[in-house]
Amino acid sequence: MPLSLNVGDTVELKKQHACGCKEFEIIRVGMDIKIKCKNCGRLIMLDRPTLEKRTKKVIPKSE
C-alpha cells in the first residue's frame, strides 16, 4: 500500500544519512519526491518507489 506523503511531513529512514541523521522533511511531492535532512539541510531527490522502500515511518506535520 502506497505511503501517504505530504509537504511538511517528516520521514524516518531505515538507514542513516551520511551526517548520521535519519529524519527528513518532505519539501516537494510529485513524480520525484524532494526531502531535506533535518540535521545538515542537504536536499535529496528520490522517486516514490525508492523512498517508500527506504522509509521506516512517516510522521505527519503537526497543525
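**View 1. β2 and β3 pair in the antiparallel sense over 4 bridges.** The model shown here is predicted, so local features are described only at pLDDT of at least 70 and side-chain atom pairs only at pLDDT 80 or more, whereas totals for chains, interfaces and linings use all residues. Residues are numbered from 1 along each chain as its sequence is written, and side-chain values use heavy atoms, with hydrogens and water left out. Strands (E, at least two residues) and helices (H or I, at least four) are DSSP runs numbered from the N terminus, and two strands count as paired if DSSP finds at least two bridges between them. Between β2 and β3, which form a hairpin, there are 3 residues. Within this pairing, I26 stands opposite I35 of β3, and R28 has K34 of β3 as its bridge partner.

**View 2. Strand β1 joins β2 through 3 bridges, and the two run antiparallel.** Here T10 stands opposite E25, a residue of β2. The loop between β1 and β2 contains G20, which has 35% relative accessibility and therefore counts as partly exposed (buried is under 20% relative accessible area, exposed is over 50%, and partly exposed is in between, with a 1.4 Å probe and protein chains only). Although G20 and N39 are 19 residues apart along the chain, their C-alpha atoms are separated by 8.2 Å.

**View 3. Strand β3, residues 32–37, is joined to β4 by 5 bridges, and the two strands run antiparallel.** D32 stands opposite D47 in β4, while the bridge partner of K36 in β4 is L43. The hairpin of β3 and β4 has 5 residues between its strands, and in this hairpin G41 takes a positive phi near 80°. K36, which lies in β3, has a relative accessibility of 32% and so counts as partly exposed. From C-alpha to C-alpha, K36 and E25 are 5.2 Å apart in space, with a separation of 11 residues in sequence.

**View 4. Strand β3 has a covered face and an uncovered one.** I33, I35 and C37 make up the covered face of β3, and D32, K34 and K36 make up the uncovered face. In a regular strand the side chains alternate between the two faces of the sheet.

**View 5. The largest nonpolar core has 11 residues.** These residues are L5, V11, L13, C21, F24, I26, I33, I35, C37, L46 and L51. β1 (10–13), β2 (23–28) and β3 each supply at least two residues of this core, and the largest share, 3 residues, comes from β3. A nonpolar core is a set of buried Ala, Val, Leu, Ile, Met, Phe, Trp, Tyr and Cys residues joined through side-chain atoms within 4.5 Å.

**View 6. A search of the whole structure finds 0 disulfides (pairs of cysteine sulfur atoms within 2.5 Å).** C21 is in no disulfide, and the nearest cysteine sulfur, that of C37, is 3.9 Å away. C21 counts as buried because its relative accessibility is 12%. As for C40, its sulfur is 3.7 Å from the closest cysteine sulfur, in C37, which is too far for a bond. With 44% relative accessibility, C40 counts as partly exposed.

**View 7. The largest pocket holds about 190 Å³ of space.** Its lining consists of L13, K14, K15, Q16, H17, F24, I35, I44, L46, K53 and R54. By class, this lining has 5 nonpolar, 2 polar and 4 charged residues (Ala, Val, Leu, Ile, Met, Phe, Trp, Tyr, Cys and Pro count as nonpolar, Asp, Glu, Lys and Arg as charged, and the others as polar). β4 (43–47) and α1 (48–54) each supply at least two residues of the lining. On a 1 Å grid over the protein atoms alone, a pocket is an open set of points where a 1.4 Å probe fits, with protein on both sides within 12 Å along at least five of seven lines, and lining residues have an atom within 4 Å of a point. Points are joined across faces, edges and corners, and the volume is the space filled by probe spheres set on them.
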